[in-house]
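Here is a briefing on one model. It covers the sheet, a helix and the ligand site.

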Amino acid sequence: MKETKSTCPYCGVGCGVIIRSEGEQITGVRGDPDHPANFGRLCTKGSTLHLTASAEVTLHTRLLHPMRREHRGQRPTRVGWDNALDFAVESFHQVIQEHGPDAVGFYISGQLLTEDYYVFNSWPRASSAPTTSTPTRAFA
Ligand code: SF4
């Protein structure tokens, strides 16, 4: 068993976690008793963090590279990052054109870096789609 110190990604508190793993598989998580944000304690979300990386979940839902399906119901196929990003931009633009700026919003992590927040908060303003929220706001 290996233990790795990290930070819970769910909200802006940024609790310290110690992740247990066997080989490539995450098997558990506990609060880091030395971390000044939580001193070993975790809320329900943090204490179940490892369940999002269980073998079953990882096998079935975790994407390792961009995937795209042409039509609903078809199997997705792997595409390059440029293709995926161009498609995302075109799709957001189309939704905003058809349904207005309130039809698009972002629900992002409270653990993003300042630069990440800048991008997420600039893009909606530039595209007139003003809704950006984080778990920190949602839980407040
Ligand atoms: S979701 Fe819970 S465990 Fe994770 S950082 Fe926030 S308060 Fe800490």
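Which residue in E3 stands opposite Ile 18? The residue is Arg 30. This is a predicted model, where local features need pLDDT of at least 70, side-chain atom pairs count only at pLDDT 80 or more, and totals for chains, interfaces and linings use all residues. Residues are numbered from 1 along each chain as its sequence is written.

**Sheet layout**
- Three strands form an open sheet in the order E1-E2-E3, and the pairing is antiparallel.
- Strand E1 (2–7) and strand E3 (25–31) are the edge strands, each pairing on one side only.
- On average, neighbouring strands of this sheet are turned by 30° against each other, direction ignored.
- That angle uses axes that are lines fitted to C-alpha atoms; angles run from 0 to 180 degrees between N-to-C directions.
- Strands (E, at least two residues) and helices (H or I, at least four residues) are DSSP runs, numbered from the N terminus.
- Two strands pair if DSSP finds at least two bridges between them.

**Strand pairs**
- E1 and E2 pair in the antiparallel sense over six bridges.
- Lys 5 has Ile 18 in E2 as its bridge partner.
- Strand E2 (residues 16–22) is joined to E3 by six bridges, and the two run antiparallel.
- Glu 22 stands opposite Gln 25 in E3.
- The hairpin of E2 and E3 has two residues between the strands, and Gly 23 takes a positive phi near 60° there.

**Burial of E1**
- E1 lies largely in the open, because the number buried among its six residues is zero.
- A residue is buried if 20 or more other C-beta atoms lie within 10 Å of its own, exposed if 12 or fewer, and partly exposed in between; C-beta atoms are placed from the backbone.

**Helix H3**
- Helix H3 (residues 81–99) has 19 residues and reaches 27 Å from its first C-alpha to its last.
- That is close to the 27 Å expected at 1.5 Å a residue, taken as 1.5 Å times one less than the number of residues.

**Ligand site**
- The residues around the ligand include Cys 8, Tyr 10, Cys 11, Cys 15 and Cys 43.
- Lys 45 and Gly 46 are also among them.
- A residue is near a molecule if its C-beta atom, placed from the backbone, lies within 6 Å of it.
- The shell divides into seven nonpolar, three polar and one charged residue.
- Ala, Val, Leu, Ile, Met, Phe, Trp, Tyr, Cys and Pro count as nonpolar, Asp, Glu, Lys and Arg as charged, and the others, Gly among them, as polar.
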